[in-house]
Structures are given as structure tokens and as C-alpha cells.
Amino acid sequence: MLSCRIKVTSMQLRFISRSLMFLRQLGLQPSWQFGDVYGLEPELLSMVPRPVCAVLLLFPVTEKYESYRLEEEAKIKLQGQEVSPEVYFMKQTIGNACGTIGLIHAVANNQGVLEFESNSALKKFLDQSGPMSPEEKAAFLERDESIRVTHESSAQEGQTEAPSLDEKVDLHFIAFVNVGGHLYELDGRKPFPVVHGKTTEDNFLEDATVVCKKFMSRDPEELRFTVVALSKA
């Protein structure tokens, strides 16, 4: 059963702890919190506090996934898709920063409900980078000293040795958000957001986890999947 493969691992707990520290240091008020998703069955999803404004998925980058990713990209380029201009999307050009990119995607696309300190470095970054292209956002992030320093300090927290920017890591974070009543998958390794159909505030978590199940079904022998939700505290 898919739900058996969602486990609260030490990696998941560390990520949640670092995410909260990272966002607090950058001036996001703690009115929303990341929390565990223990399983993808209805009774387990019902344990997640509501409302949920973003879902993050950690998954293994395998040959099967890479093959699917390329097929999906080619299909979307051929068939096209309609992406709202309100979607904040950035490319990932910094090695081993997928967790940070996922957090930025989660926060940037929920600025209407999240609360920031008056001097928030993250809010300043989002305001300045909002009009930029995905590639320009990535370059802007590379130059942003406050986020880079915070990323490095939070990555080191609780570790005897953090992965270097050049080290090959086969786990990857992506974000799911609801923008304008549509479910978007935001992955900085991809050239564009992926639209997964319509959603609502009430059904967003369930709709996002349907997509998470598809990731798992493509690698049925893999166990390295983690799901966390950004919920109202």
C-alpha cells in the first residue's frame, strides 16, 4: 500500500526543523507551519491541520523518473498548457538547493495568506524577483547574500557534514501549490511549471497527494518518499 511508504524519517524531521528555522530567519511569521503527512489514505490525510497551502514532496531521482520527466517535457512542449501569469516559478541553478527552491516556491505562491516581518529578507527578495523570468530569478537568488547565508547555516544545522554544492545527490524536493484554482507542480529542474488540473482550497491536499501517488507508482520498489504540508498553525 502506498501509505506504508510514507514514513516520518530522521531526514523528514530534520527538513521540517530546518525549514522552520530558515523561514523564520528570513522573516516569515509562524502563523503557518510545516508538518508531517503520515500517509496518503483519507484517514491519515484527515490528521493534517487545515487549510493547507502547499505540499512538498521528496523523492528519489531514478532512471525511471528521468525517463518519464523527459517524456512529459516533450509532451507538454508539443501539446502546450495554460499557466497563470500569477504563478511564481524559478529555475534551480544552485547545486543541492532543491529544498530551498521548494520552500521559495511554496511561500512565493501563497503571499496572500502568509505573514512576513516588516524587515523580511525573503519578502524583499520575492517583491524584487516577482517580475523576472524563471532564469532571472535563479540568477538573482545566486547573488542574494541573505538567502545564501541562511541556506548554508540551516543546511549545517544538526549535521556533522553538509553536502557540498558539487556533490551528487539523488533525492529531490518539489512543491505543489494552488494558484487560481489550479494545481501546479513546481520543480526548478524543469523548464516550466506543470499543471495538474483544477483544485480547491478544501481539496488541495487530496489533489496534491494524488500526484504524489503517481510518483510512487512509477518507482514501486522505492521507499525514499517524504511528504510534508504547509498548514495553518
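**Exercise 1. The sheet and its pairing**

In β4, which residue is the bridge partner of Val179?

*Solution.* The model is a predicted one, in which local features need pLDDT of at least 70 and side-chain atom pairs count only at pLDDT 80 or more, whereas totals for chains, interfaces and linings use all residues. Residues are numbered from 1 along each chain as its sequence is written, and side-chain values use heavy atoms, with hydrogens and water left out.

Step 1. The partner of Val179 in β4 is His182. Strand β3 (residues 171–179) and strand β4 (residues 182–186) run antiparallel and are joined by five bridges. Strands here are DSSP runs of E with at least two residues, helices are runs of H or I with at least four residues, and both are numbered from the N terminus; two strands count as paired if DSSP finds at least two bridges between them.

Step 2. On its way through the sheet, β2 pairs with β3 in the antiparallel sense over seven bridges, and Leu56 has Ala175 as its bridge partner in β3.

Step 3. The complete order is β1-β6-β2-β3-β4-β5, an open sheet of six strands with antiparallel pairing. Its edges are β1 (32–36) and β5 (194–198), each of which pairs on one side only, and the twist from one strand to the next averages 20 degrees.

**Exercise 2. A helix across the sheet**

Which strands does helix α8 lie across, and which of the residues of α8 are buried?

*Solution.* Step 1. Helix α8 (residues 204–218) lies across β2 (52–60), β3, β4, β5 and β6 (226–232), and runs at about 10 degrees to β2. Such angles run from 0 to 180 degrees between N-to-C directions, with axes fitted to C-alpha atoms, for helices over the stretch in contact; contact means heavy atoms within 4.5 Å.

Step 1. To check the length of α8, take 1.5 Å a residue: its 15 residues should span 21 Å, which agrees with the 22 Å between its end C-alpha atoms. The expected span is 1.5 Å times one less than the number of residues.

Step 2. The buried residues of α8 are Phe204, Leu205, Ala208, Thr209, Val211, Cys212, Phe215 and Met216, where buried means under 20% relative accessible area, exposed means over 50%, and partly exposed lies in between (1.4 Å probe, protein chains only). Seen down the axis of α8, these buried residues fall within an arc of 155 degrees, so they line one face of the helix; the arc is that of the directions from the helix axis to the C-beta atoms.

Step 3. Strand β2 has nine of its nine residues buried, so it is largely enclosed by the rest of the structure.

**Exercise 3. The nonpolar cores**

Which residues have the most contacts inside the largest nonpolar core?

*Solution.* Step 1. The largest nonpolar core has 39 residues, and those with the most contacts inside it are Phe125 and Leu126. A nonpolar core is a set of buried Ala, Val, Leu, Ile, Met, Phe, Trp, Tyr and Cys residues joined through side-chain atoms within 4.5 Å.

Step 1. Helix α4 (residues 98–108) gives the most to this core, namely seven residues. Helix α4 is mostly covered, since 11 of its 11 residues are buried.

Step 2. When its neighbours within four places in sequence are left aside, Leu126 is in contact with Tyr88, Ile104, Val107, Ala108, Gln111 and Phe116.

**Exercise 4. Individual residues**

Where is Arg148 found, and where does Pro51 lie?

*Solution.* Step 1. Arg148 is found in helix α7 (residues 145–156) and is partly exposed, with a relative accessible area of 32%. Although 48 residues separate Arg148 from Thr100 in sequence, the two are 9.5 Å apart in space, C-alpha to C-alpha.

Step 1. Pro51 lies in the loop between α2 (42–45) and β2, and the peptide bond from Arg50 to Pro51 is cis, with omega near -5 degrees. Most peptide bonds are trans.
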